[in-house]
Amino acid sequence: MFRLRRFLKDYIVLLIIGPLCKLTEAVLELFIPLVTADIIDNGVLKNDSSYVLSHGALMVLMGALGLGFALVCQKSASIASQGFGTKLRNAMLEHINKLSHAELDRIGTPSLITRMTSDINQLQLAVAMLIRLVIRAPFLVIGALVMACTIDMKMSLIFFIASPLIAIVLYIVMNRSVPFFKDMQGKLDRVSLLSRENLSGNRVIRAFNKQDDNEADFERANSELARTSVRVGRISALLSPVTYIIAQGAIIAIVWFGSLSVNVGSLQTGEVIALVNYMTQILLAMIVVSNLVVIFTKAFAGAARVNEVFDTEPSVKEKNTEIIEIDKNAPAVEFRNVYFGYGDGGDVLRNISFTAERGSTIGIIGGTGSGKSTLVSLIPRFYDTREGIVLVGGKDVREYSFAQLRGSMGIVPQKAVLQSGTIRSNMLWGDKNAGDEEIEKALKISQAYEFVSRLPEGTDSEVSAGGSNFSGGQRQRLTIARALVRKPEILILDDSASALDMATDAALRSELAKIENMTVFIISQRVAAVKGADRILVLNNSELVGQGTHSQLVKSCELYREICSSQGV
């Protein structure tokens with residue numbers, strides 16, 4: 001958690017003012033029992049109403065001052081904690097955006113969401129408590145012990161016996177419960193994962209009538225989280241009754257021995273009441289300390305998970321931020337003996353070599369899991385190769401800045417996802433300066449203009465999160481249009497026309513072929529989609545088993561002939 005203190009550097013003044021105000025409030029609180037004792041001994045017992053009223057006014061003034069200092073501290077804690085959380089979330093999102101796909105795959109989206117929400121919320125709470133209570137609670141315990149000693153040394157022995165007993169109980173309870181708090185965060189990740197899967201995949205779940213199975217999985221994960229929470233609750237439930245028994249026993253001892261001292265004249269009645277108040281203050285402060293232990297335990301667990309993200313370095317690093325000159329005469333894309341695999345697993349691509357000339361269309365076909373999507377992911381450098389090199393414009397992709405490399409490409413991923421907003425705002429992702437004519441042209445090429453023009457608000461029509469208010473085919477056409485608005489030199493269509501009918505798909509490919517100097521990669525399971533490509537790559541079991549035109553592959557590649565035969569081509 002201390003490693004995250006850099007996000008508090010703008011709130012140093014508040015970190016000083018807040019605890020000082022709380023400390024002042026605690027000092028005033030420690031003097032109130034003495035004033036109460038004075039009122040009883042010199043006002044009530046002597047029937048001096050003016051003394052009672054004057055010192056009562058003093059208590060009210062002390063209470064008002066304490067309230068004022070507490071409010072200043074509360075405001076300081078709120079500003080500092082919320083500002084800390086805001087800066088931390090911004091920094092974490094910025095770092096996540098720098099991570100490559102490999103790291104995002106490893107950590108997982110649900111876990112990242114939990115870390116950015118639940119874990120950082122715990123850290124915010126810890127910062128607020130740091131300002132409000134970390135100094136106040138221990139000071140009250142120590143101060144109450146000192147004040148008890150100033151009243152009567154013999155009676156203070158009760159405090160020095162009761163306080164360690166309460167502290168021991170707190171230690172035992174916290175020591176048993178702390179491991180469960182860490183375990184709860186992992187189980188919360190699991191609940192988040194299932195929640196996300198159930199909500200994002202709701203239509204599929206309904207289509208397969210798997211609601212009961214998914215509810216059962218969620219109930220199991222939720223029950224595990226609940227059981228852990230209950231176990232913590234059972235242990236923590238012992239805290240209040242045991243500490244209160246000790247404290248009440250101490251109060252009984254104070255009253256018992258105090259009454260004896262009053263009888264012999266060594267103590268006054270007000271002083272006994274003051275000692276009881278100090279014992280109560282110690283008890284309440286100890287309970288606050290126990291709550292702080294829980295809060296900071298959760299915060300340290302959350303900080304470890306947040307720091308894990310910050311400690312994760314992207315495997316794909318930008319080596320150059322300058323614009324480099326591209327050889328216009330070189331092929332648009334070239335793979336030379338490329339090997340690639342995810343993590344420590346086996347090779348997903350083995351010895352891949354091919355050339356894509358500028359302005360050509362490259363079709364990629366093969367069985368499921370043959371490495372088609374992985375292959376095109378290497379072009380924008382979402383991953384780095386294990387061996388071999390990928391060249392774009394005659395230059396190794398590792399020589400480009402991300403902005404230059406990816407800015408020259410239009411990428412349409414397998415899963416068509418639109419951002420919430422409007423159709424226009426989604427199109428502007430391709431080019432923020434695009435005008436209506438450019439957007440309309442891209443919509444026409446992608447075959448989306450027909451249905452967009454029929455919408456009451458046209459390109460200003462609302463888009464729900466993920467584009468859920470459009471059909472699968474409509475989403476695919478809109479994502480293609482979004483990529484075309486950029487006017488890319490390289491367009492990658494990763495099975496992004498799978499939801500289109502044959503006529504629309506053919507019309508789309510026909511329009512794409514009219515665009516000059518744009519290299520197009522088309523991944524598809526359908527031979528008809530790649531049949532007209534200038535070069536077709538056939539992948540099988542991570543290897544390139546054939547490349548050439550349709551007519552060449554029919555003669556030379558057995559796998560391609562089988563695919564054609566199975567589709568009646």
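**Orientation of α1 and α10**

How are α1 and α10 oriented to each other, roughly parallel or roughly antiparallel? In this predicted model, helix α1 spans residues 12-44 and helix α10 spans residues 269-311, and their axes come within 7 Å and cross at roughly 155°. Angles over 145 degrees count as roughly antiparallel, and α1 and α10 are therefore roughly antiparallel to each other. The handedness of this crossing is right-handed.

On the α1 side, the contact is formed by E29, L30, P33, L34, A37, I40 and D41. Their counterparts in α10 are T269, G270, E271, I273, A274, N277, Y278 and Q281. By class, the residues of this contact comprise 8 nonpolar, 4 polar and 3 charged.

**Packing of α1 against α2**

Helix α1 also packs against helix α2, which covers residues 49-98. The angle between α1 and α2 is about 165°, and their axes lie 8 Å apart. This angle makes α1 roughly antiparallel to α2. The crossing of α1 with α2 is left-handed, whereas that of α1 and α10 is right-handed.

Which classes of residue make up the contact of α1 with α2? The contact contains 21 nonpolar, 9 polar and 3 charged residues.

**Packing of α14 against α16**

A further helix pair consists of α14 (residues 436-445) and α16 (residues 472-485). The two helices pack at an angle of about 135°, with a separation of 8 Å between their axes. Because angles over 145 degrees are needed for the roughly antiparallel class, the arrangement of α14 and α16 is instead oblique. The crossing of α14 and α16 is right-handed.

In α14, the residues that meet α16 are I439, A442, L443 and I445. In α16, the corresponding residues are L478, A481, L484 and V485. The contact of α14 with α16 has 8 nonpolar residues, with no polar and no charged ones.

**Largest cavity**

How many cavities of 30 Å³ or more does a search of the whole structure find? The search finds 2 such cavities. The largest cavity has a volume of about 100 Å³.

The lining of the largest cavity includes I326, A332, R358, V392, G393 and Y400. Also lining the largest cavity are Q404, L405, S408, E489, I490 and T519. Sorted by class, the lining of the largest cavity holds 6 nonpolar, 4 polar and 2 charged residues. Among the lining residues, R358 and E489 belong to the charged class, which takes in Glu and Arg.

**Second largest cavity**

The second largest cavity contains about 50 Å³ of space. Its lining is made up of L378, R381, Y383, D384, T385, I389, V390, D396, V397 and R398.

The lining of the second largest cavity comprises 5 nonpolar, 1 polar and 4 charged residues. Among these lining residues, R381, D384, D396 and R398 fall in the charged class, to which Asp and Arg belong.

Note on methods:
Residues numbered from 1 in each chain as written. Predicted model: local features only at pLDDT ≥ 70, side-chain atom pairs only at ≥ 80, totals over all residues. Heavy atoms only, no water. 1 Å grid on protein atoms, 1.4 Å probe; cavity = no way out; pocket = protein on both sides within 12 Å on 5 of 7 lines; lining within 4 Å. Points joined across faces, edges and corners; volume = space filled by probe spheres on them. Axes fitted to C-alpha atoms, helices over the stretch in contact; angles between N-to-C directions. Helix = DSSP H or I, 4+ residues; strand = E, 2+ residues; numbered from the N terminus. Parallel < 35°, antiparallel > 145°, perpendicular 65-115°, else oblique. Left-handed = near helix turned anticlockwise from the far one by under 90°. Contact = heavy atoms within 4.5 Å.
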